[in-house]
Amino acid sequence: LYHPALQGKLTEDERKLPNARGPERPTVGLLLMRSYVLARNTAHYDGVIEALETRGMRVLPAFASGLDARPAVERYFMRDGRATVDAVVSLTGFSLVGGPAYSDARAAEATLTELDVPYICAQAVEFQNLEQWEASDAGLLPIEATMMVAIPELDGATAPIVFGGRTEAAGPGSAHAMCAHRERAAMLGRRVERLVALRRSRHADRKVAIVLFNFPPNAGNVGTAMYLSVFESLFNTLVALRADGYAVQVPES
């Protein structure tokens with residue numbers, strides 16, 4: 001485990017982290033890259049930790065020795081086969097199991113299914129600096145979009161967002177220094193806070209929107225997706241939502 005407020009920055013004992021776990025306090029598991037932690041190049045991680053903690057959440061920033069994050073997940077985010085965190089946020093820029101070259105989406109799916117909490121992958125720009133990213137109409141470069149967004153989404157990751165990266169502001173000789181993007185890190189904190197609140201809410205108190213196929217628009221094509229029983233599927237979905245405690249009105253057929 002890593003935390004900027006720890007003496008020595010590292011510990012294997014969760015109890016030594018600041019902001020002790022409370023029964024009602026949301027806990028977020030962060031996945032970090034070991035190489036950045038050991039190099040003390042962690043300003044981008046520190047910004048996310050601060051953004052989450054200022055919103056009242058307890059943070060468990062963990063890392064594993066390789067590109068398979070499951071040992072960190074199993075040791076610090078689970079107990080007796082159940083999640084002890086309300087959400088997991090990966091800041092590694094890689095898939096959960098194996099990294100970009102040896103990604104194992106099936107293995108990641110099994111772990112995330114067992115966790116059963118929101119899973120976000122956020123990105124620190126690596127192949128450009130933050131100034132280039134902000135000035136670009138394209139945003140992420142193709143290799144970044146593939147490695148940091150598309151491949152993690154095969155695992156089940158959601159809500160990609162840039163939270164930091166390299167910066168020209170670090171000055172000469174600091175080409176590899178990382179920093180947090182304050183506004184994006186704050187948005188990530190708000191996003192996680194809302195997902196945790198949604199997960200902790202009663203089903204009957206949630207608002208759910210269902211979007212139906214309608215193309216071409218304005219031509220009487222609502223629900224006419226080819227070879228799909230859209231309205232039958234919608235009906236079955238409403239029945240399932242009602243059975244799960246959501247407040248929905250379901251027609252007779």
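In helix 2, the residues His44, Tyr45, Gly47, Val48, Ile49, Ala51, Leu52 and Glu53 are buried. This makes helix 2, which spans residues 43-53, a mostly covered element, with eight of its eleven residues buried. The structure described here is a predicted model, and every value given below is computed from it.

**Salt bridges**

Side chains of opposite charge can pair when their charged atoms come close. The structure holds eleven salt bridges, and three of them are set out in the table.

| Salt bridge | Closest N to O distance |
|---|---|
| Glu50 and Arg182 | 3.4 Å |
| Arg199 and Asp86 | 3.3 Å |

Glu50 is partly exposed because its relative accessible area is 38%, a value that lies between the limits of 20% and 50%. Arg182, with a relative accessibility of 56%, counts as exposed because exposed means over 50%.

Arg199, which forms a salt bridge with Asp86, also belongs to helix 7, while Asp86 sits in the loop between strand 4 (82-83) and strand 5 (87-90), and the two partners are 113 residues apart. Is Asp86 buried or exposed? Asp86 is buried, because its relative accessible area of 9% falls under the 20% limit, whereas Arg199 is partly exposed at 35%. Salt bridges that share partners join Asp86, Arg199 and Arg200 into one network.

Glu12 counts as exposed, with a relative accessibility of 61%.

**Pocket and cavities**

Rolling a probe the size of a water molecule over the atoms shows where empty space is left. The largest pocket holds about 190 Å³ of space, and both Glu12 and Arg75 are among the residues that line this pocket, together with others including Leu1, Arg34, Phe63 and Tyr76. Helix 3 (residues 70-76) provides the largest share of the lining, namely four residues. By type, the lining of the largest pocket divides into seven nonpolar, two polar and three charged residues.

How many cavities of 30 Å³ or more does a search of the whole structure find? The search finds two. The largest cavity has a volume of about 100 Å³ and is lined by 14 residues, of which Leu32, Gly66, Leu67, Ala69 and Thr92 lie nearest its centre. Nine residues of this lining are nonpolar, four are polar and one is charged.

The second largest cavity contains about 30 Å³ of space, and among the residues lining it are Cys121, Gln123, Met148, Glu153 and Pro160. Helix 6 (residues 142-155) gives the most to this lining, with four residues. Here the lining of the second largest cavity divides into seven nonpolar residues, two polar and one charged.

**A patch on the surface**

Val208, Ile210, Leu212, Val222 and Phe231 make a nonpolar surface patch of about 420 Å². Phe231 lies in helix 8 (residues 230-243), and this residue counts as partly exposed, with a relative accessibility of 46%.

Methods: Residues are numbered from 1 along each chain as its sequence is written. This is a predicted model: local features need pLDDT of at least 70, side-chain atom pairs count only at pLDDT 80 or more; totals for chains, interfaces and linings use all residues. Side-chain values use heavy atoms; hydrogens and water are left out. Patches are made of residues with over 30% relative accessible area and no salt bridge: like charges are joined within 9 Å, nonpolar side chains (Val, Leu, Ile, Met, Phe, Trp, Tyr) within 5 Å. Accessible areas come from the Shrake-Rupley method with a 1.4 Å probe; for residues, only the protein chains shown count as cover. A salt bridge is a side-chain nitrogen of Lys or Arg within 4 Å of a carboxyl oxygen of Asp or Glu. Helices (H or I, at least four residues) and strands (E, at least two) are DSSP runs, numbered from the N terminus. Buried means under 20% relative accessible area, exposed over 50%, partly exposed in between (1.4 Å probe, protein chains only). On a 1 Å grid over the protein atoms alone, a cavity is a set of points where a 1.4 Å probe fits but cannot get out, and a pocket is an open set with protein on both sides within 12 Å along at least five of seven lines; lining residues have an atom within 4 Å of a point. Grid points are joined across faces, edges and corners, and a volume is the space filled by probe spheres set on the points. Ala, Val, Leu, Ile, Met, Phe, Trp, Tyr, Cys and Pro count as nonpolar, Asp, Glu, Lys and Arg as charged, and the others, Gly among them, as polar.
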